[in-house]
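Colleague: Thanks for sitting down with me over this one. Could you walk me through its aromatic residues and its nonpolar parts?

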Amino acid sequence: MRKDDDLVRTREGMHGSSMHDQHSNSDRRIMDPPGPSLRVFQVWKGNNKFCFNGRLIFGPDAKSLILTVSLIVVPVILFCAFVSRGLVRIFPYHIGNFIVALAVVSTVCVVSLLLITASRDPGIIPRSLHPPEPEDDGYMSSMSSEWPGSQNGPPTVPPTKDIMVNGSIVKVKYCHTCMLYRPPRCSHCSICNNCVERFDHHCPWVGQCIGRRNYRFFFLFVSSTAMLCLYVFAFSWVNIMKIMDAYHYDLWRALLKSPVSGILILYTFGAAWFVGGLSSFHLYLICTNQTTYENFRYRYTIKMNPHNRGCFENIAEVFCSRIPPSKHNFREKVKGESSSVYTNSTVSLGHPMSPEMPKPRYDIEMGKRQAVAAEDLEDLQSQIDSVVGMDRLERCGTQPRHSNWDQKANWPSTPDIQILAAEFGMEDGSTTGRQKIEGPSDLK
């Protein structure tokens, strides 16, 4: 009889240890994402493209840079290869070489400014993990009485709210994608899928949003490109004029003598009108402290611009102020619930979801999660089934039932299990588990 009791205790001990290992492995599989930890740029929710392990950030249409660089570099190569030889013969040797060298240096500067503009964070606003709460954002006090969400049912997020800017009331909009109220002069770019601080426009030639952190470089790029076009245009004309004087040709025969000069004159004339006009327009925006988006949308020429502080202060704000650091560290490792800020492909526990699994969605009104990943549900169900199996085994044993339940009441409830239980609306991982399994066992 004693041997039978020892055999039962041995089996119970082996089963208990195997169950503990099963719980530990299941918890570890739920809480720990497989493989190495990911970085922010690897789970980025926007449409940007990253290079050099997140050190450079480009727009989704970054391939347009190839066309833009070609439109700048190819004419300068033609100028140096064909037009410069005539300039070296016409002018003294050192002056002719200086003209060519200045064109090359200017081109390098223009391309560098282009790449700096395209590879910088334009001022992306970090996304919010949840919609703003009334006590956190204070929007209930500024909510319009006409907004229906403030009268019927639970409070909802109003589409706009009023804030004070330089003594003027400015309406800021709520972004449903980033789940935050956009700061003044901020707008959501539909191409990059980001809210950008002091959003000017999305430039297709640069392939990047133009915002607070790269607008200065964008203007320098456009204006220096205009000056380079005028430079090549002027010296191409000088080459044609010298040919006409040296060979006593008319204009048509001089163009046949140096056809590349004629091509560059036509090309740079059209390009100078485009980039020159763009430079003039942005110079006007700088002097009046406007953005392209504000100029076309709000028409500050008709009503007062709350951001205008005078011509000289507006210019100093763009060219002399300190560029703020990026609000993102794209090489930072993402752990836990913070990963849901950057991507839809992870749940709050940091467990990656496969493409065919349902993605969690958020109720804008209450900010509550309405869907849970199927794999986490299956893991919790397997734990509950294993506890039911232990209950059946204990009923066959010699010990009374209440003592075994007292043992289970003392099981360690790890913080990971409590977090998982909270995801399913449970009050406590251990007590609720017992409540759920008592029903099926009593039906037996």
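**Aromatic pairs, core and surface**

Modeller: Gladly! Please keep in mind that this is a predicted model.

Colleague: Let's begin with the rings of W44 and F50: how is that pair arranged?

Modeller: The structure holds 14 aromatic pairs. For W44 and F50, the ring centres are 6.1 Å apart and the planes meet at 80°. Planes over 60 degrees apart count as edge-to-face, so this pair is edge-to-face.

Colleague: Which aromatic cluster do W44 and F50 belong to?

Modeller: Both W44 and F50 are buried. They share one aromatic cluster with two further rings, and its members are F41, W44, F50 and F330.

Colleague: How far apart in sequence are the parts tied together by F219 and F319?

Modeller: Their ring centres are 5.6 Å apart with planes at 65°, so F219 and F319 form an edge-to-face pair. F219 belongs to helix α5 (residues 215-247) and F319 to helix α9 (residues 311-319). The pair therefore ties together parts separated in sequence by 100 residues.

Colleague: Where does the charged end of K257 sit?

Modeller: There are two arrangements of this kind to look at. R198 lies over the face of Y215, 5.5 Å from the ring centre. For K257, the charged end is 4.9 Å from a ring centre, and the ring it sits over is that of Y247.

Colleague: Moving inside, which element gives the most to the largest nonpolar core?

Modeller: That core has 33 residues, and F79, V206 and F221 have the most contacts inside it. Two or more residues come from each of α2, α3 (93-119), α5 and α7. With 10 residues, the element that gives the most is α5.

Colleague: Finally, the surface: which helices each supply at least two residues of the nonpolar patch?

Modeller: The patch covers about 470 Å² and is made by L67, L71, W205, Y267 and F274. L71, for one, lies in helix α2. At 34% relative accessibility, L71 counts as partly exposed. The helices that each supply at least two patch residues are α2 (64-90) and α7 (259-288).

Notes: Residues are numbered from 1 along each chain as its sequence is written. This is a predicted model: local features need pLDDT of at least 70, side-chain atom pairs count only at pLDDT 80 or more; totals for chains, interfaces and linings use all residues. Side-chain values use heavy atoms; hydrogens and water are left out. Rings of Phe, Tyr and Trp (its six-membered ring) pair if their centres lie within 6.5 Å; planes under 30 degrees apart count as stacked, over 60 as edge-to-face and the rest as tilted. Buried means under 20% relative accessible area, exposed over 50%, partly exposed in between (1.4 Å probe, protein chains only). Helices (H or I, at least four residues) and strands (E, at least two) are DSSP runs, numbered from the N terminus. A charge sits over a ring if NZ of Lys or CZ of Arg is within 6 Å of the ring centre and within 35 degrees of the ring normal. Patches are made of residues with over 30% relative accessible area and no salt bridge: like charges are joined within 9 Å, nonpolar side chains (Val, Leu, Ile, Met, Phe, Trp, Tyr) within 5 Å. Accessible areas come from the Shrake-Rupley method with a 1.4 Å probe; for residues, only the protein chains shown count as cover. A salt bridge is a side-chain nitrogen of Lys or Arg within 4 Å of a carboxyl oxygen of Asp or Glu. A nonpolar core is a set of buried Ala, Val, Leu, Ile, Met, Phe, Trp, Tyr and Cys residues joined through side-chain atoms within 4.5 Å.
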